[in-house]
Amino acid sequence: MTDGLQIQGLVYKKNWHTILQDINLTVAPGKIVGLLGENGAGKTTLMRLIAGVAKANQGQISINGATTAATKKQAVSFSTALDGFPKSTVLKKIVTFYQTVYPDFALDKYQELAAFLKINNQQKLSELSKGMREKLVIALTLARQTQLYLLDEPFSGIDSMSRKGIIQSIIQWKAPTATMLISDHYVAEIASILDDVIIIKDKTVYTHQAADTIRAEYGQSIEAYYESAYQEQEAIDHDSN
Ligand SMILES: Nc1ncnc2c1ncn2[C@@H]1O[C@H](COP(=O)(O)OP(=O)(O)OP(=O)(O)O)[C@@H](O)[C@H]1O
């Protein structure tokens, strides 16, 4: 069995347009990985492909050796928009649904997360602010006991104080061997917890580096490294005009 996340030769097209091409990645077990890229780069699409929600036109994805849709579903916990639930659904009903659908859902872990995030399970979905809804998504996603967590822009509506607290606590909410991919535009804020950084640009993996390598070898913060990856292209475009 191959451990961690392995992606080989992944191609995804939508309506004849290539969204992602030639994606090759190997992420070792236990890593917290920042998936970075500008709007429309393809971060959500890549997560949907890894989770098996979207189907690739070409290529292979393996999560701890799981390659079929059914086995991958058990191996990955993907943050959800909760759009399938009626607005009037009380949160405790959603928790019950998760317990039923996912045998790996740990109620005690959910309750611990819900207490930390100040989630009131008696409330209805419609009563939640954007930030509270995101907190609920984080709690539901991390309460599953899986080998891979995919968090797609989990903090965009969460106030900065809560965000800092969640980011610093996230490491304790996953098993040491579990891998976590986080897409986020608050690069500076998540930088301190990242082991690896993946930048998606020009429809593919522009770079995959260890965070320590970026700091030591390139002498840059993660944020500066990320920005320079995009500014490089702007400089080339500017010169060729
Ligand atoms: N259903 C769809 N039909 C056609 N094109 C789509 C569809 N969904 C996404 N795309 C395109 O795929 C590309 C990647 O989108 P994606 O949502 O994965 O980007 P992203 O990096 O997550 O962006 P953001 O940071 O804005 O969330 C974009 O060009 C987008 O327009």
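What share of the 241 residues in the protein is buried? Buried residues make up 35% of them. A residue counts as buried if 20 or more other C-beta atoms lie within 10 Å of its own, as exposed if 12 or fewer do, and as partly exposed in between; C-beta atoms are placed from the backbone.

1. **Basis of the model.** This is a predicted model: local features need pLDDT of at least 70, side-chain atom pairs count only at pLDDT 80 or more, and totals for chains, interfaces and linings use all residues. Residues are numbered from 1 along each chain as its sequence is written.

2. **Overall build.** The protein has nine helices and nine strands. Its radius of gyration is 18 Å, close to the 18 Å that the globule rule gives for 241 residues, so the protein is as compact as a globular protein of that length. That radius is taken over C-alpha atoms, and the rule is 2.2 Å times the number of residues to the power 0.38. Helices (H or I, at least four residues) and strands (E, at least two) are DSSP runs, numbered from the N terminus. Along the principal axes, the C-alpha trace spans about 60 × 40 × 35 Å.

3. **Contacts along the chain.** Take the contacts between residues at least 6 apart in sequence: 69% of them join residues at least 24 apart. Two residues are in contact if their C-beta atoms, placed from the backbone, lie within 7 Å.

4. An unreviewed UniProt entry carries the annotation "domain: ABC transporter" for residues 5-227. UniProt positions follow the numbering used here, feature names are shortened, and annotations may be inferred rather than shown by experiment. In the model, this span is 35% helix and 26% strand. The C-alpha atoms at its ends lie 26 Å apart.

5. **Strand S1 and its partners.** Strand S1 (residues 5-14) runs antiparallel to strand S2 (residues 17-27), and seven bridges join them. Two strands pair if DSSP finds at least two bridges between them. Tyr-12 has Leu-20 in S2 as its bridge partner. Two residues separate the strands of this hairpin, where Asn-15 takes a positive phi near 50°. S1 also pairs with strand S4 (residues 58-63), in the antiparallel sense, over five bridges. There, Ile-7 stands opposite Ile-61.

6. **Strand S8 and its partners.** Strand S3 (residues 32-36) and strand S8 (residues 196-201) pair in the parallel sense over four bridges. Leu-36 stands opposite Ile-199 in S8. S8 and strand S9 (residues 204-210) pair in the antiparallel sense over six bridges. Ile-198 has His-208 in S9 as its bridge partner. This hairpin has two residues between its strands, and Asp-202 takes a positive phi near 55°.

7. **Helix H1.** Seven of the nine residues of helix H1 (residues 43-51) are buried, so the helix is largely enclosed by the rest of the structure. Among these buried residues are Lys-43, Thr-45, Leu-46 and Met-47. Just after H1, Gly-52 has a positive phi of about 85°.

8. **Around the ligand.** Which element gives the largest share of the shell around the ligand? H1 does, with three residues. The residues around the ligand include Lys-14, Asn-15, Ile-19, Gly-37, Asn-39, Lys-43, Thr-44 and Thr-45. A residue is near a molecule if its C-beta atom, placed from the backbone, lies within 6 Å of it. By class, the shell holds two nonpolar, seven polar and two charged residues. Ala, Val, Leu, Ile, Met, Phe, Trp, Tyr, Cys and Pro count as nonpolar, Asp, Glu, Lys and Arg as charged, and the others, Gly among them, as polar.

9. Asp-22 is not a glycine, yet has a positive phi of about 45°. Asp-22 is found in strand S2. It counts as partly exposed, with 14 C-beta neighbours inside 10 Å. Glu-153 also has a positive phi, near 45°. Glu-153 sits in the loop between strand S6 (148-152) and helix H6 (160-169). With 17 other C-beta atoms within 10 Å, Glu-153 is partly exposed.

10. **Lys-118.** Is Lys-118 buried or exposed? Lys-118 is exposed, with 9 other C-beta atoms within 10 Å. It lies in the loop between helix H4 (107-116) and helix H5 (130-142). The C-alpha atoms of Lys-118 and Lys-135 are separated by 8.6 Å, and the two residues are 17 apart along the chain.
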